[in-house]
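Biologist: Hi! Could you walk me through this one? I have not looked at it before.
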Amino acid sequence: MFCRNCGREIGEGNTVCTGCGAPAGSGYKFCPRCGHPTDELAVYCTNCGAPLTNIQGQNAAGGRPAGQKSRLAAGLLGIFLGGLGIHNFYLGYNEKGICQIVLFVLCCGIVSSIWGFVEGILILCGHIDTDAFGQPLTD
Ligand SMILES: [Zn+2]
Ligand SMILES: [Zn+2]
């Protein structure tokens, strides 16, 4: 594989790049499969199509959580616990989740539970397709 930080080749089994000292797989400047320069925000290599994990880019974007969220989990959370906005916290829509908790308290849970239930359905049907960070949900 190639160092994602400096683009030099890293021998199999090496956990650290001998060229720049970065841990293998960290960085966002080069493709780990072909060594082609990649954009910081790219999710796949435009040269070979390899998927890119953006370790440093995620940190720079303010602790963006790694890994994709499950559509099923988010939908079920919305249907069963939507009144408390749990599905919105799960997806990173914290402001919306807080709104639902406030509504839950003000309206004895009726309005926000319907809201959360509808959102749960929308998530399961694919009408809500990304989390708050723009990452697509997995099926
Ligand atoms: Zn390196
Ligand atoms: Zn590549």
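Biologist: Which residues does UniProt list for "transmembrane region"?

Modeller: The unreviewed UniProt entry lists residues 72-91 and 97-118 under that name. UniProt positions are given in the numbering used here, feature names are shortened, and annotations may be inferred rather than shown by experiment. This is a predicted model, where local features need pLDDT of at least 70 and side-chain atom pairs count only at pLDDT 80 or more, while totals for chains, interfaces and linings use all residues. Residues are numbered from 1 along each chain as its sequence is written, chains are lettered from A and ligands numbered from 1 in the order in which they are written, and side-chain values use heavy atoms, with hydrogens and water left out.

Biologist: Thanks! How much helix and strand is there over residues 72-91?

Modeller: Residues 72-91 are 80% helix and 0% strand, with end C-alpha atoms 12 Å apart. Residues 97-118 come out at 86% helix and 0% strand, and there the end C-alpha atoms are 14 Å apart. Helices (H or I, at least four residues) and strands (E, at least two) are DSSP runs, numbered from the N terminus.

Biologist: And which residues does UniProt list for "domain: TM2"?

Modeller: Residues 68-120, again from an unreviewed entry. That span is 77% helix and 0% strand, and its end C-alpha atoms lie 17 Å apart.

Biologist: Let's zoom in. Which helix does Gly116 lie in, and is Gly116 buried or exposed?

Modeller: Gly116 is part of helix H5, residues 110-125. Its relative accessible area is 0%, so Gly116 is buried; buried means under 20% relative accessible area, exposed over 50%, and partly exposed in between (1.4 Å probe, protein chains only).

Biologist: What does Gly116 touch?

Modeller: Leaving out residues up to four places away in sequence, Gly116 touches Gly78, Ile79, Gly82, His87 and Gln100. Contact means heavy atoms within 4.5 Å. Gly116 and Gly82 are 34 residues apart in sequence, yet 3.7 Å apart in space, C-alpha to C-alpha.

Biologist: Changing topic: which protein donors does the zinc ion (ligand 1) have?

Modeller: Cys3, Cys6, Cys17 and Cys20, each through SG, at 2.2 to 2.3 Å from the ion. Donors are N, O and S atoms within 2.8 Å of the metal (3.2 Å for Na, K and Ca); water is not among the atoms, so sites may look incomplete.

Biologist: Why is the arrangement around ligand 1 tetrahedral?

Modeller: Because the 4 donor atoms subtend angles of 104 to 117 degrees, and four donors count as tetrahedral if all angles lie between 85 and 135 degrees. Cys17 counts as buried, at 3% relative accessibility, whereas Cys20 counts as partly exposed, at 35%.

Biologist: Are Cys31 and Cys45 buried or exposed?

Modeller: Cys31 is buried, and Cys45 is buried as well.

Biologist: Last one: which ring does the charged end of Lys96 sit over?

Modeller: The ring of Tyr93, at 5.1 Å from its centre. Lys69 lies over the face of Tyr90, 5.9 Å from the ring centre. A charge sits over a ring if NZ of Lys or CZ of Arg is within 6 Å of the ring centre and within 35 degrees of the ring normal.

Technical notes. Four donors count as tetrahedral if all angles lie between 85 and 135 degrees; four count as square planar and six as octahedral if opposite donors are over 155 degrees apart and all others between 65 and 115; anything else is irregular.
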